Amino acid sequence: MEHTYSVGSNPVVYDNQHLHVLFAGESQTLPLHQAGPKIYDYFLLHFIESGFGTFRTEERKYELGPGDCFLIHPGQLVSYLSDEDQPWRYRWAAFTGTDADALVLQAGFTPQKPVLSTVEGSTFPGALAGMMRAFYAGKESAHLTSLGYLYLIVGEAAGLHLSSSRLPGAESQVKRTVKQMIHYMAAQYAHPVSIEQMCASLGYNRAYLSRIFKQETGLSPVTYLLKLRIEKSRQLLRERPELSVEQVAASVGLTDALYFSRQFKRLCAQSPTSYRITTARHGEKK
């Protein structure tokens, strides 16, 4: 078996960027080829295309094969050894930057969990090959291209880690879905969105989402959204005296000013105008 090795370096020099891919490469190793034990001062991701080998960290040893990847963290003493009979062929990329630690955590990698098994059709090999091609082309735009590929890898890794770390049963899925609903409403309350639109966006039927939302929060989605809108309107009434009641209502996604005023009075025991006058007086007293 012939040993092959090639690597392409980023034509843009690293200068404390938030995120920077340093280089990307590929290699068919020889039997029992070993790297380390050594320490790196950047993140180094390997994806195994074929063959087998062993990756050792300070804490444990991993036997790896095709479709597996391992991430070396900066400052960690590691070594990796290719198999005697079927030595591995792998691709790799090194990256660094002030945002790299947070990105790696988002992807689900930690020094205690540096290994991930991908699934068929993974974007990893294509993305790593794309980085290398971009660097070989030598254009400065390769820096941005390599970041795009890195985010594709991180996105896939995060999805795989999430699916493998889910709690047994449906409870964790329910909690995640309710969080998505709350996030959706917090982001969309200023628009005249409906609960139906939210359900369609999340891909569940309304009856199911209403049931789990009330289980978790004690409120129906309709009531939660209305309370959120009224709370936001109270803030606008206090802080933006130049806005009319109609403009405040529209700003929280309620296009019918009469409906808004009715609901405001129901939840706050006074009309929007009275609330504004009361809070203004209190402000003057201070």
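In the predicted model, the second largest pocket holds about 160 Å³ of space. Its lining consists of V193, S194, I195, E196, R206, V222, L225, L226, R229, L254 and Y259. Classified by residue type, the lining of the second largest pocket comprises seven nonpolar, one polar and three charged residues.

Helix α7 (residues 221-239) also packs against helix α9 (residues 257-268): the two axes come within 10 Å and cross at roughly 95 degrees. Angles of 65 to 115 degrees count as roughly perpendicular, and α7 is therefore roughly perpendicular to α9. On the α7 side, the contact is formed by L226, K227, I230, S233, R234 and L237; on the α9 side, Y259, F260, Q263, F264, R266, L267 and C268 take part. Eight nonpolar, two polar and three charged residues make up this contact of α7 with α9.

The largest pocket contains about 200 Å³ of space. Its lining is made up of 14 residues, among which Y5, H46, Y80, Y90 and W92 lie nearest the pocket centre. Strands β2 (20-28), β3 (34-38), β4 (43-50) and β9 (89-96) are the elements that give two or more residues to this lining. By class, the lining of the largest pocket divides into nine nonpolar, four polar and one charged residue.

Terms used: Residues are numbered from 1 along each chain as its sequence is written. This is a predicted model: local features need pLDDT of at least 70, side-chain atom pairs count only at pLDDT 80 or more; totals for chains, interfaces and linings use all residues. Side-chain values use heavy atoms; hydrogens and water are left out. Axes are lines fitted to C-alpha atoms, for helices over the stretch in contact, and angles run from 0 to 180 degrees between N-to-C directions. Helices (H or I, at least four residues) and strands (E, at least two) are DSSP runs, numbered from the N terminus. Angles under 35 degrees count as roughly parallel, over 145 as roughly antiparallel, 65 to 115 as roughly perpendicular and the rest as oblique. Contact means heavy atoms within 4.5 Å. Ala, Val, Leu, Ile, Met, Phe, Trp, Tyr, Cys and Pro count as nonpolar, Asp, Glu, Lys and Arg as charged, and the others, Gly among them, as polar. On a 1 Å grid over the protein atoms alone, a cavity is a set of points where a 1.4 Å probe fits but cannot get out, and a pocket is an open set with protein on both sides within 12 Å along at least five of seven lines; lining residues have an atom within 4 Å of a point. Grid points are joined across faces, edges and corners, and a volume is the space filled by probe spheres set on the points.
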